[in-house]
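The following exercises ask the reader to work through selected features of one protein model. Each task is followed by a solution in steps.

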Amino acid sequence: MHNEKIQIRNSSTSLAALAGLVGRYSNPEFSIAPGGHVQTISAGHYTVTGLSRHVRLGDFVAHKSSTGVHLGEVVKVEQETVVVCPIEPGDPIGIHDTVIRKGAFRIAPTEGWCGRTINSLGEPIDGLGPLLQGDIRRPISNTAPPSMTRKRVEHGFRTGVRAIDIFSPLCLGQRLGVFAGSGVGKSTLLSMLARADAFDKVVIALVGERGREVREFIEDTLGENLSKSVAVVATSDESPMLRKMAPLTAVTIAEHYRDQGDNVLLIVDSVTRFAHAIREVATASGEPPIARGYPASVFTELPRLLERAGPGAEGAGTITAIISILVDGDNHNDPIADSTRGILDGHIVMDRSLAEEGRYPPINPLASVSRLARKAWSPDQEKLVGRLKSLIHRFEETRDLRLIGGYRPGSDPDLDMAIKQVPVIYDILKQTPGERPAFDAFTDLANALKAAANIGGQAPNMRRG
């Protein structure tokens, strides 16, 4: 310990130089703090002596190497050493390099961020010049507003996707999960939802996405909404720390706009890759797994992230969160899917078998649930949807029986009606990303059913109230 103090005292010049170099990171706040030195280096992390009494979990540190200043996050604190995960992959790290504490990572969003694409550190990556900085610097690791100070969720809105607007309607301030396996059409559905016109701002976090899809999603999908959107991007080849930070940065930006009174749409694609990034960081720090390879910190971070979305306090706006969950091996009960399903206010289930039939978006109306649907439906619409679900259930339940010729028409009036009407319902639920969003899904459905089966009298008042 005595030798360590001598090293720190002799490195005061290095610390002063580091303070000057770190200024190029304009987003995190910097203040002179006690310094330490790199002790050991491993794949994915390194240890530092001399900082144990001055840092907390989640603090950021600045590391000076031969190539400049690099950031890292404290992921473990021990009696004599702290474990740090570098933010950027491949940062050159040497024994006895100087490391200083920076505190919580902060960003300063402003209206000028709209129309921009940034990375997890709040730095522009779209080539459109530097970002304007707001007056308030917000830590990206924040807590949700107290539950009793938040407004209630009351008002529904149209997404333009008929399968959702009819069977699982959404409300401003709701948090919805989109559950799907890989290649089923999850990102395509999110691109359709991003065009909803009920929001003042749109914030999108693309976590672990393929690099080639980023420009396609931002430029082709957002279209007219690009001017009111902010995209936070961490592609699959970036470090787990950057992939972990991307949703946190995105929700912090959404919180800023919500506090200004805006209704914000937050899209995170996907929270599963966020969980994978946490797992990589936690594994590097020595945390043991508890559920199919996931450590306990994953199940602590998920609710902390998701609870930050929702309605704000009285006088503030709302954050409506649409979260995609990539279910591993199409197992909808894997640990991440099961955990998020219990936190969110509803879930849309995308079925691979429906996609194979050519029904896009392949949303399973029977498995999808919106816990706030009654706030968006009128009483007549609620009755109608209940009846439609009953017909779909009968249709699917007897599919094998009908295929082998085991059903005789006329023996079950409800099943006869289902056989006539359910294919019409399935057809009207089909939508492609290139189609204009549906203005009134219930009217579209009523017109299709009237034309096919003349049942208009059984579905009165189908316009959304």
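**Exercise 1.** Determine which residue of β2 is the bridge partner of Thr40, and describe the pairing of strand β2 (residues 45-49).

*Solution.* Step 1: the bridge partner of Thr40 in β2 is Thr47. Strands (E, at least two residues) are DSSP runs numbered from the N terminus, as are helices (H or I, at least four). The model is predicted, so local features need pLDDT of at least 70 and side-chain atom pairs count only at pLDDT 80 or more, while totals for chains, interfaces and linings use all residues. Residues are numbered from 1 along each chain as its sequence is written, and side-chain values use heavy atoms, with hydrogens and water left out.

Step 1: strand β1 (residues 35-42) runs antiparallel to β2 and is joined to it by five bridges; two strands pair if DSSP finds at least two bridges between them. The two strands form a hairpin with two residues between them, and Gly44 in the turn has a positive phi of about 95 degrees.

Step 2: β2 also pairs with strand β5 (residues 81-86), in the antiparallel sense, over four bridges. Here Thr47 stands opposite Val83.

**Exercise 2.** Describe the surroundings of Thr249.

*Solution.* Step 1: Thr249 is found in helix α6 (residues 240-259) and counts as buried because its relative accessibility is 0%.

Step 1: beyond four places in sequence, Thr249 is in contact (heavy atoms within 4.5 Å) with residues including Ile107, Asn119 and Val232.

**Exercise 3.** Which stretches have pLDDT under 50?

*Solution.* Step 1: the mean pLDDT (the predictor's confidence in each residue, from 0 to 100) is 86, and 90% of the residues reach 70 or more.

Step 1: pLDDT stays under 50 over residues 1-32 and over residues 455-465. Where pLDDT is low, the predicted coordinates should not be read in detail.

Note on methods: Buried means under 20% relative accessible area, exposed over 50%, partly exposed in between (1.4 Å probe, protein chains only).
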